[in-house]
Amino acid sequence: SIARAANFKHIPTVFIPHAGVMKGLPPLCFDVAFLEGLVAVERYREFGPTQTAILLAGNCRLDVVLRKPLPGPGAILFCPSLGDEVSAILESVSKVLAAIPDGTVILRPHPRDPMRDTYLEASKKFGCVFSDAREQRAEAALIPVNAVVCGDSNIILEAKLTRRWVAVFF
């Protein structure tokens, strides 16, 4: 491999993964590896011992989400952003609840959204769960869902990093 040839010539090597860890990979044989979180470290350790110096990169807070199995279909997190049209968001929530009557919908507005109380009341009216972004971290809100519907938000990246489906509206 290129890494072994570089090691033979005393050329330092660095491993930066471009995708998730797949089964059947060989043990790491680089000088340094940047891995995303403890889950990736644990998976690479399963492939055998290594002398590679492992540095954590990415958002390690998401490890707690990745360690849990993905929930079944029909668990959706709605994350309206600041300035989103409340009536359009609530209409979408209503349509999803009608289409998936046994599903779970969680409504989680931005922590600084002035319409927070409107979303709280709507969640009671619709019988869906309200996630208060002022009190619950994003990774905890992601655990029970398999899909996220949101506007322009950091939760897009967090959802994709934890293997959730994402629908983005602008």
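This is a predicted model: local features need pLDDT of at least 70, side-chain atom pairs count only at pLDDT 80 or more; totals for chains, interfaces and linings use all residues.
**Empty space in the model**

Rolling a probe the size of a water molecule over the atoms shows where empty space is left. The table lists the spaces considered here.

| Space | Volume | Lining by class |
|---|---|---|
| Largest pocket | about 500 Å³ | 13 nonpolar, 4 polar and 5 charged residues |
| Second largest pocket | about 330 Å³ | 8 nonpolar, 4 polar and 4 charged residues |
| Largest cavity | about 30 Å³ | 4 nonpolar, 2 polar and 1 charged |

**The largest pocket**

A total of 22 residues line the largest pocket. Those lying nearest its centre are Ala19, Gly20, Glu36, Ala40 and Leu161. Several elements take part in this lining: strand 2 (32–36), helix 2 (37–45), helix 3 (63–66) and helix 7 (155–161) each supply at least two residues. Among these contributors, helix 2 provides the largest share of the lining, namely 5 residues.

**The second largest pocket**

The second largest pocket is lined by 16 residues. Nearest its centre lie His110, Pro111, Ser153, Asn154 and Ile155. Its lining contains 8 nonpolar residues, together with 4 polar and 4 charged ones.

**The cavity**

The structure holds 1 cavity of 30 Å³ or more. Its lining is formed by Pro27, Leu28, Tyr44, Arg45, Gly48, Thr50 and Ile54. By class, these lining residues divide into 4 nonpolar, 2 polar and 1 charged.

**The packing of helix 4 and helix 5**

Which angle separates helix 4 and helix 5 where they pack? Helix 4 (residues 86–99) and helix 5 (residues 116–126) pack at an angle of about 20°, and their axes are 11 Å apart. Helix 4 is therefore roughly parallel to helix 5, because angles under 35 degrees count as roughly parallel. The crossing of the two helices is right-handed.

Helix 4 contributes Val86, Ile89, Leu90, Val93, Ser94 and Leu97 to the contact, while helix 5 contributes Thr118, Tyr119, Ala122 and Phe126. What is the division of these contact residues by class? The contact of helix 4 with helix 5 comprises 8 nonpolar and 2 polar residues, with no charged residue.

Definitions and conventions:
Residues are numbered from 1 along each chain as its sequence is written. Side-chain values use heavy atoms; hydrogens and water are left out. On a 1 Å grid over the protein atoms alone, a cavity is a set of points where a 1.4 Å probe fits but cannot get out, and a pocket is an open set with protein on both sides within 12 Å along at least five of seven lines; lining residues have an atom within 4 Å of a point. Grid points are joined across faces, edges and corners, and a volume is the space filled by probe spheres set on the points. Helices (H or I, at least four residues) and strands (E, at least two) are DSSP runs, numbered from the N terminus. Ala, Val, Leu, Ile, Met, Phe, Trp, Tyr, Cys and Pro count as nonpolar, Asp, Glu, Lys and Arg as charged, and the others, Gly among them, as polar. Axes are lines fitted to C-alpha atoms, for helices over the stretch in contact, and angles run from 0 to 180 degrees between N-to-C directions. Angles under 35 degrees count as roughly parallel, over 145 as roughly antiparallel, 65 to 115 as roughly perpendicular and the rest as oblique. A crossing is left-handed if the near helix is turned anticlockwise from the far one by less than a right angle, and right-handed if clockwise. Contact means heavy atoms within 4.5 Å.
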